[in-house]
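Take a walk through this fold, one element at a time. Keep the sequence beside the structure as you read.

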Amino acid sequence: MAHFAKLDENNVVVFVTVGRDEDNGKEAELSARTGDVYKQTSYNTHGGVHSNGGTPFRKNYAGLGYTYDAGRDAFIPPKPFNSWVLDENTCLWNAPVAIPSDAGQGEPPKRYTWNEETVNWVEVTA
């Protein structure tokens with residue numbers, strides 16, 4: 001089944017829809033038929049395994065608020081914090097500091113949240 005992201009004038013995803021099976025690989029025709037701009041998206045690789053080892057088609061499945069970057073041919077999620085950096089391989093945002101290695105460990109499991117003021121992870125204690 002084909003999935004398509006409708007883009008606004010800034011290439012931001014405004015919704016994702018399931019297309020007809022016969023529209024698979026035909027985003028230009030879908031755009032021409034509707035008068036809107038659509039880009040195909042998928043959870044899986046498109047047309048088989050990519051040379052990058054199986055990264056999903058257009059790096060990430062499109063979601064509301066994601067931006068389509070034509071130069072990277074990728075959907076990029078909204079940047080969660082100003083300090084976070086885009087990973088060019090995955091087109092996902094990474095914190096500039098790795099989350100502590102004990103995250104999710106212990107009983108109860110340790111939880112952390114990002115603090116943009118200190119540009120670091122802070123343990124959630126409540």
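Start with a term: buried means under 20% relative accessible area, exposed means over 50%, and partly exposed lies in between (1.4 Å probe, protein chains only). This is a predicted model, in which local features need pLDDT of at least 70, side-chain atom pairs count only at pLDDT 80 or more, and totals for chains, interfaces and linings use all residues. Residues are numbered from 1 along each chain as its sequence is written, and side-chain values use heavy atoms, with hydrogens and water left out.

Cys91 sits in the loop between strand 6 (85-87) and strand 7. Helices (H or I, at least four residues) and strands (E, at least two) are DSSP runs, numbered from the N terminus. The phi of Cys91 is near 60°, a positive value in a residue other than glycine.

Now go to strand 1, residues 3-7. Five of its five residues are buried, so strand 1 is largely enclosed by the rest of the structure. In a regular strand, side chains alternate between the two faces of the sheet. Here His3, Ala5 and Leu7 point one way, while Phe4 and Lys6 point the other way. All of them are buried.

What flanks strand 1? Two strands count as paired if DSSP finds at least two bridges between them. Strand 1 pairs with strand 2 in the antiparallel sense, over five bridges.

The hairpin of strand 1 and strand 2 has five residues between the strands. Asn11 lies in that loop. Its phi is near 65°, a positive value in a residue other than glycine. Asn11 has 29% relative accessibility, so it counts as partly exposed.

Strand 2 (residues 13-18) holds Val14. At a relative accessible area of 39%, Val14 is partly exposed. Val14 touches Lys6, Asp8 and Leu64, not counting residues up to four places away in sequence; contact means heavy atoms within 4.5 Å. Val14 and Thr67 are 53 residues apart in sequence, yet their C-alpha atoms are 9.6 Å apart in space.

Which residues of helix 1 (residues 27-34) are buried? They are Glu27, Leu30 and Ser31. Seen down the helix axis, the buried residues fall within an arc of 100°, so they line one face of helix 1. That arc is taken from the directions from the helix axis to the C-beta atoms. Their cover includes strand 1 and strand 3. The face turned away carries the exposed residues Ala28 and Ala32. Just after helix 1, Gly35 takes a positive phi of about 85°.

One more loop remains. Between strand 7 (92-94) and strand 8 (111-115) lies Pro108. A cis peptide bond joins Glu107 to Pro108, with omega about -5°.
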